[in-house]
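Me: I'm new to this one. Can you walk me through it, one topic at a time?

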Amino acid sequence: MTISMEQSSCKPVLELCEDNLIEILHRLPSKSLSRFESVCKHWGKCIDDPSIVYSCRSQRWTPQPYMMGFFCQGRDKVDEQNRFFFSSKKSSQVIDGSLDESVNFLGRGVHIMASSNGFLVVTEDLYNQSVYYVYNPATRQHFVVPVTLTSYVRLAAIGFHCKVDDPEKDVISFTIVRYEAWTGPSCSVTIESFSSETNMWTTIDLRLAAPFSAPLSRWMRSGSVGVIDGVFVWKPDSDLHIILYDSVYSRFWDLKLTDEMDDWTGSAVGVSDGVLYYALCNRREITLWYLESNIRSTNDAVWVTKYVVNISNALLNCPEAVGSEAIGSIRIKMLNIDIHSVNPHIFYLLAGDKVISYDSEKNTAEFLYEIGVSVWTANQYYLFFSYEWHQWPRLLRTHQLEEE
């Protein structure tokens, strides 16, 4: 930055180099961009350039770090719901205090069902899910989803996906899919889907090639673990199965895992950077596989081992996570905890009553949050929802919008 004197004035004028100007524009909302076009011809030219405007908005939509933290909630106890904690100490430097850490926009407790791109889908009644809300904790904007076609569902598996429609307009649309998680074998499944673009629910009855059971209990997170190219992925109670629904071709099937991927202590399924991962934790050893074959392959799924790591030394070097005297007896759990949404070498785990992050590349552990109860109780009564904090885009593409 330099200061110069104009011939017609004695007042100093700030001149920004191109890099500094673009860096400032990157951090401005669309409304400010439109106002600042009149600051000077140079600013107006930069802001009018479509490539620069797109770059600014794209950068705002994918801030660093990619995962900001988790909402932790009690499955049944309303007074113990919706606590937010950061996924890294660096994350707290990005949040400016506007994040609604309690998700209490209705003035009463709600059950978080799923999270996607900075938005949450929540419901008031866990066992009669007829009304859902889509909520942005960063802006406190919420949208009331119309009543579902099926007024009563005992326990629904929810798929939730928010996507950027037009970076030029800072607007997103979202899709919700759900099916009733049955408790016994079935040869059919009913999929209900809601699109914010049509503001309507649609229903599809699918016949399955063979009967199979894919129950989700009330102790498990019933939201999808991710979406890959329109395919929603759930991790049911059955440890050797993954449930998938292809919203593009209207197909529903289960993906069987191998015997070596059997669950001993805890497991996690996650989508990281568009790839499906399966992580297995056996006490203090973590094995990570990734799906090499196409996500839509039903009969020839190929899982490849990415690495096997032992986190004992990392825990010893992180006294906040677990005391050194307890390292020999502590058990690590991955149930309901996630794989990083962009970096698959980062895990989020339960060690005793503490939530920790583990970086397999650096072999380091970081203490994040203390639940205050034993790991076994925590896995039964607490669920975790990863949350990526985005200040933009602010608006949902819907027919009906409600804001506080």
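This is a predicted model: local features need pLDDT of at least 70, side-chain atom pairs count only at pLDDT 80 or more; totals for chains, interfaces and linings use all residues.

Me: Cysteines then. How many disulfides are there?
Reply: The count is zero disulfides.

Me: Is Cys 72 buried or exposed?
Reply: Cys 72 is buried, because its relative accessibility is 0%. Cys 318 is buried as well, with a relative accessible area of 6%.

Me: On to charges. How many salt bridges does the count give?
Reply: The count gives four salt bridges.

Me: What does Lys 163 pair with?
Reply: Lys 163 forms a salt bridge with Glu 197, at 4.0 Å from N to O. The pair links distant parts of the chain, 34 residues apart. Lys 163 sits in strand β9, residues 156-166. Glu 197 sits in the loop between β11 (186-195) and β12 (200-212).

Me: And how accessible are those two, Lys 163 and Glu 197?
Reply: Lys 163 is partly exposed, because its relative accessible area is 36%. Glu 197 is partly exposed too, at 43%.

Me: Which residue meets Glu 192 in a salt bridge?
Reply: That is Arg 178, with an N to O distance of 2.7 Å. Glu 192 lies in strand β11 and Arg 178 in strand β10 (residues 171-180), so their bridge ties together parts 14 residues apart in sequence.

Me: Are Glu 192 and Arg 178 buried or exposed?
Reply: Glu 192 is buried, and Arg 178 is too.

Me: What about Asp 229, which residue does it bridge to?
Reply: Asp 229 bridges to Arg 296, and their closest N and O atoms are 2.7 Å apart. This pair also links distant parts of the chain, 67 residues apart. Asp 229 is in the loop between β13 (226-228) and β14 (231-234). Arg 296 is in the loop between β19 (285-291) and β20 (303-310).

Me: Which residues are linked in a network of salt bridges?
Reply: Asp 229, Asp 246 and Arg 296 are linked in a network.

Me: New topic, pockets. What volume does the largest pocket have?
Reply: The largest pocket has a volume of about 700 Å³.

Me: How many residues line the largest pocket, and which lie nearest its centre?
Reply: The lining has 32 residues. Asn 117, Gly 226, Val 271, Ser 341 and Glu 388 lie nearest the centre of the largest pocket.

Me: Which strands supply at least two residues each to that lining?
Reply: They are β5 (111-116), β9, β13, β17 (266-272) and β25 (382-387). The largest share of the lining, four residues, comes from β5.

Me: What does the lining look like by class?
Reply: The lining of the largest pocket has 13 nonpolar, 15 polar and four charged residues.

Me: Now the rings. How many aromatic pairs does a search of the whole structure find?
Reply: The search finds 22 aromatic pairs. One of them joins Tyr 179 and Phe 252: the ring centres are 5.1 Å apart and the planes are at 75°, so the pair is edge-to-face. Tyr 179 lies in strand β10 and Phe 252 in strand β16 (residues 251-256), so the pair ties together parts 73 residues apart in sequence. Tyr 179 and Phe 252 are both buried.

Me: How do the rings of Phe 194 and Trp 201 sit?
Reply: Their centres are 5.6 Å apart and their planes are at 50°, so the pair is tilted. Phe 194 is buried, as is Trp 201.

Me: Which residues do ring pairs link into a cluster?
Reply: The cluster holds Tyr 132, Phe 143, Phe 160, Phe 174, Phe 194 and Trp 201.

Me: Last bit. Where is Phe 105?
Reply: Phe 105 is in the loop between β4 (83-86) and β5. Phe 105 is buried, at 7% relative accessible area. Its C-alpha atom is 8.9 Å from that of Gln 141, which is 36 residues apart along the chain.

Me: And Tyr 245, which strand holds it?
Reply: Tyr 245 lies in strand β15, residues 241-246. Tyr 245 counts as buried, because its relative accessibility is 1%.

Conventions. Residues are numbered from 1 along each chain as its sequence is written. Side-chain values use heavy atoms; hydrogens and water are left out. A disulfide is a pair of cysteine sulfur atoms within 2.5 Å. Buried means under 20% relative accessible area, exposed over 50%, partly exposed in between (1.4 Å probe, protein chains only). A salt bridge is a side-chain nitrogen of Lys or Arg within 4 Å of a carboxyl oxygen of Asp or Glu. On a 1 Å grid over the protein atoms alone, a cavity is a set of points where a 1.4 Å probe fits but cannot get out, and a pocket is an open set with protein on both sides within 12 Å along at least five of seven lines; lining residues have an atom within 4 Å of a point. Grid points are joined across faces, edges and corners, and a volume is the space filled by probe spheres set on the points. Ala, Val, Leu, Ile, Met, Phe, Trp, Tyr, Cys and Pro count as nonpolar, Asp, Glu, Lys and Arg as charged, and the others, Gly among them, as polar. Rings of Phe, Tyr and Trp (its six-membered ring) pair if their centres lie within 6.5 Å; planes under 30 degrees apart count as stacked, over 60 as edge-to-face and the rest as tilted.
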